[in-house]
Amino acid sequence: MTLISAVPPVIQSLLLGTLLSLLYDAFYTIRGLFPAQAQPHVILDILYFLLFGVLLFNYLLMESAGRLRYFIILGVIIGWLLYHNTVS
């Protein structure tokens with residue numbers, strides 16, 4: 001039994017949402033290094049959403065054998081919003 005599997009899936013999804021929001025802040029900080037007319041904004045946005053999709057897909061695949069669980073999606077959204085509206 002690993003440490004991650006000891007945590008309930010709802011808490012795991014909240015933590016995943018927090019991690020994704022933290023990644024968003026990291027990408028947003030990197031975007032700020034370039035001028036507004038530069039093209040890295042588009043590349044960074046695409047890279048973030050690809051990373052977001054891969055992490056969420058892998059979590060759904062590991063946690064619920066590929067079945068869509070709405071509490072996981074809701075937990076990710078709530079975790080993302082909590083981090084984004086407080087710490088971020």
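Trainee: What pattern does the chain follow along the sequence?
Mentor: Reading along the sequence you get α-α-α-α. That's four helices and zero strands, where helices (H or I, at least four residues) and strands (E, at least two) are DSSP runs numbered from the N terminus.

Trainee: And where do the coordinates come from?
Mentor: This is a predicted model, so local features need pLDDT of at least 70 and side-chain atom pairs count only at pLDDT 80 or more, while totals for chains, interfaces and linings use all residues. Residues are numbered from 1 along each chain as its sequence is written, and side-chain values use heavy atoms, with hydrogens and water left out.

Trainee: What box do the C-alpha atoms fill?
Mentor: Roughly 45 × 25 × 25 Å, taken along the principal axes.

Trainee: How much of the chain is buried?
Mentor: 23% of the 88 residues count as buried. Buried means under 20% relative accessible area, exposed means over 50%, and partly exposed is in between (1.4 Å probe, protein chains only).

Trainee: Let's do helix 3. Which of its residues are buried?
Mentor: His 41, Leu 44, Tyr 48, Leu 56, Tyr 59, Leu 60 and Ser 64. They pack against helix 2 and helix 4.

Trainee: How far does helix 3 reach?
Mentor: Its 25 residues, 40-64, reach 35 Å from first C-alpha to last, close to the 36 Å expected at 1.5 Å a residue. That expected span is 1.5 Å times one less than the number of residues. Just after helix 3, Ala 65 takes a positive phi of about 55°.

Trainee: Back to Tyr 59, what does it touch?
Mentor: Leaving aside neighbours within four places in sequence, Tyr 59 is in contact (heavy atoms within 4.5 Å) with Pro 9, Gln 12, Ser 13, Leu 16, Ser 64 and Ile 72. Tyr 59 is buried, with a relative accessible area of 9%.

Trainee: Switching to charges: how many salt bridges does a search of the whole structure find?
Mentor: One. The pair is Asp 45 with Arg 31, the closest N and O atoms being 3.0 Å apart; the cut-off is a side-chain nitrogen of Lys or Arg within 4 Å of a carboxyl oxygen of Asp or Glu. Asp 45 lies in helix 3 and Arg 31 in helix 2, so the pair ties together parts 14 residues apart in sequence.

Trainee: Are those two buried or partly exposed?
Mentor: Asp 45 is partly exposed at 30% relative accessibility, and Arg 31 is partly exposed at 23%.
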